[in-house]
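Good morning. I will go through one protein model today, starting with a helix and ending with charged pairs. Please look at the structure on the screen.

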Amino acid sequence: MQLGAILDAGDGEPLVGRDIDFRIKKQTGKGPRIVRVKARLMPVGEADRQQSKRDALTYLRTTAGSSYRKVEGEPEPPIPGDVLGEERSYQLLRYALHDADDPSVRLLGPADYERFRQGLTVEQVNWLGREYDALIEEQYPETLTPERRKQLLQKLADDALGK
């Protein structure tokens, strides 16, 4: 059976996502404040992942004040790999984070991205990345390495035994 027939054959299993909440800093007239955000992480398809990589480069090359902004008539300044990698992490989260109440809607609209970047710490970005990785392991068990599969089975056994 070809993929088209498989995809057309039934509804499949629901894609649940992973509910998370985190705090984000915002600026107010009273100074910086912390607000709680409830969201749902959803898997990002490969087409959107590739788009998030392009978005990262575009952001660094076009954002006002960026040290890596492309200036007409001048050579493009090089972007260090760690800077591009960090921006890719932010952009991937932009695609992965969805409204907790309506997962068909992304959490970040176009106007929200800069405030999102400014409000998070690097530790939060890393944590969100780990949460996303855990979601992928849950939703797509075929991606587990044999070693990781063994670790998870051991954890399940330990949990069942009350360890």
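Two notes on the source. This is a predicted model, in which local features need pLDDT of at least 70 and side-chain atom pairs count only at pLDDT 80 or more, while totals for chains, interfaces and linings use all residues. Residues are numbered from 1 along each chain as its sequence is written, and side-chain values use heavy atoms, leaving out hydrogens and water.

Now the whole chain. The protein has six helices and three strands; these are DSSP runs, numbered from the N terminus, with helices being H or I of at least four residues and strands being E of at least two. Along the sequence the pattern is α-β-β-α-α-β-α-α-α. The radius of gyration is 19 Å, well over the 15 Å that the globule rule gives for 163 residues, so the protein is more spread out than a compact globule. The radius is taken over C-alpha atoms, and the rule is 2.2 Å times the number of residues to the power 0.38. Along the principal axes, the C-alpha trace spans about 60 × 45 × 30 Å.

Of the 163 residues, 29% are buried. Buried means under 20% relative accessible area, exposed means over 50%, and partly exposed is in between, with a 1.4 Å probe and protein chains only.

Next, the start of the chain. L7 is in helix 1 and is exposed, at 59% relative accessible area. Together with M1, L3 and I6, L7 makes a nonpolar surface patch of about 500 Å². For such a patch, residues need over 30% relative accessible area and no salt bridge; nonpolar side chains (Val, Leu, Ile, Met, Phe, Trp, Tyr) are joined within 5 Å, and like charges within 9 Å. Further on, G12 sits in the loop between helix 1 (3-9) and strand 1 (18-28). G12 is exposed too, at 67%.

Last, the charged pairs. How many salt bridges does a search of the whole structure find? It finds 14. A salt bridge here is a side-chain nitrogen of Lys or Arg within 4 Å of a carboxyl oxygen of Asp or Glu.

I will show three of them. R106 and D48 meet at 3.2 Å, N to O. R106 lies in the loop between strand 3 (97-99) and helix 4 (113-119), and D48 in helix 2 (residues 46-62), so this pair ties together parts that are 58 residues apart in sequence. R106 is partly exposed at 35%, and D48 is partly exposed at 32%.

The pair of E76 and R61 has a distance of 3.5 Å, N to O. E76 is in the loop between helix 2 and helix 3 (81-96), and R61 is in helix 2, 15 residues apart. E76 is partly exposed at 44%, whereas R61 is buried at 13%.

R117 and E87 meet at 2.9 Å, N to O. R117 is in helix 4 and E87 in helix 3, so the pair ties together parts 30 residues apart in sequence. Here R117 is partly exposed at 22%, and E87 is buried at 2%.

Methods. Areas by Shrake-Rupley, 256 points an atom, 1.4 Å probe, with all protein chains shown as cover.
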